[in-house]
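Me: Can you walk me through this structure? I'd like the overall picture and then some detail.

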Amino acid sequence: MATNTSSAAPTALASVTLEVADPETAGRFYRAFGVDGYVSLRASSAASTGFRGFTLALTVSGPATVDGFVSAAVDAGATVLKPATKSLWGYGGVVQAPDGTIWKIATSAKKDTGPATRDIDEVVLLLGVQDVKATKQFYVERGLTVGKSFGGKYAEFASGDACPVKLALYKHRALAKDLGVPADGTGSHRIVIGSTGGNGFTDPDGFVWEAAQS
């Protein structure tokens, strides 16, 4: 029987590092986009094709702010995967950075209640996984605390003080569909997650965690 305890040091999300071909060029893009405070960059030439299995999702205050972030990303070289549009849950769009990372920008508000800002309410690292329940248990056993859970469809972990980014899990194919890309991909995820737990590990879907630098 699975348990929710482990002898390993508790894990918390400490950092998100994107592996890119050219950190200097990617750094200019992320500064222009306005999210450079949420991710670190390091050079990598690891092979990666198709969907990398994750997205970084920004929640903002209103549609005008969504449009502002999308425009900033496009002006800096991003490709629009899904134009910003209204939906049942709010308003949002999806862009792909020049380095290949996919970003979703969304709001639950369908109308603006004020002018556009450059403020970000929340950033979520959303991992596309094959089995949400099993991967959720994997992380619980390493010390993460579940904040929200919807059966085998979605799980979100409580955020800590070490990182402004929250971690969540979603079904791999459902995430790809939501982002407007084919689900298939090979090679590196091109992302490394920093851990406060002191030890590195790889999760069931191949996402690599490393001990965060002190």
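Me: What does the secondary structure of the chain come to?
Reply: The chain has 4 helices and 15 strands. Helices (H or I, at least four residues) and strands (E, at least two) are DSSP runs, numbered from the N terminus. This is a predicted model, where local features need pLDDT of at least 70 and side-chain atom pairs count only at pLDDT 80 or more, while totals for chains, interfaces and linings use all residues. Residues are numbered from 1 along each chain as its sequence is written, and side-chain values use heavy atoms, with hydrogens and water left out.

Me: How much of the chain is buried?
Reply: Buried residues make up 44% of the 214 residues. Buried means under 20% relative accessible area, exposed over 50%, and partly exposed in between (1.4 Å probe, protein chains only).

Me: What about Glu-156, buried or exposed?
Reply: Glu-156 lies in strand 10 and is buried, with a relative accessible area of 8%. Its side chain makes a polar contact of 2.6 Å with that of Tyr-154. A polar contact is a pair of N or O atoms within 3.5 Å; within protein, one must be able to donate a hydrogen and the other to accept it, and residues adjacent in sequence count only if both atoms are side-chain atoms.

Me: Switching to helix 1. Which residues are buried there?
Reply: In helix 1 (residues 23-33), they are Ala-26, Gly-27, Phe-29, Tyr-30 and Phe-33. They cover an arc of only 165 degrees around the axis, so they sit on the same side of helix 1. The arc is that of the directions from the helix axis to the C-beta atoms. Glu-24 and Arg-31, on the other side, are exposed.

Me: What caps the N-terminal end of helix 1?
Reply: Asp-22 does, with a side-chain oxygen 3.1 Å from the backbone nitrogen of Glu-24. After helix 1 comes Gly-34, whose phi is positive, near 100 degrees.
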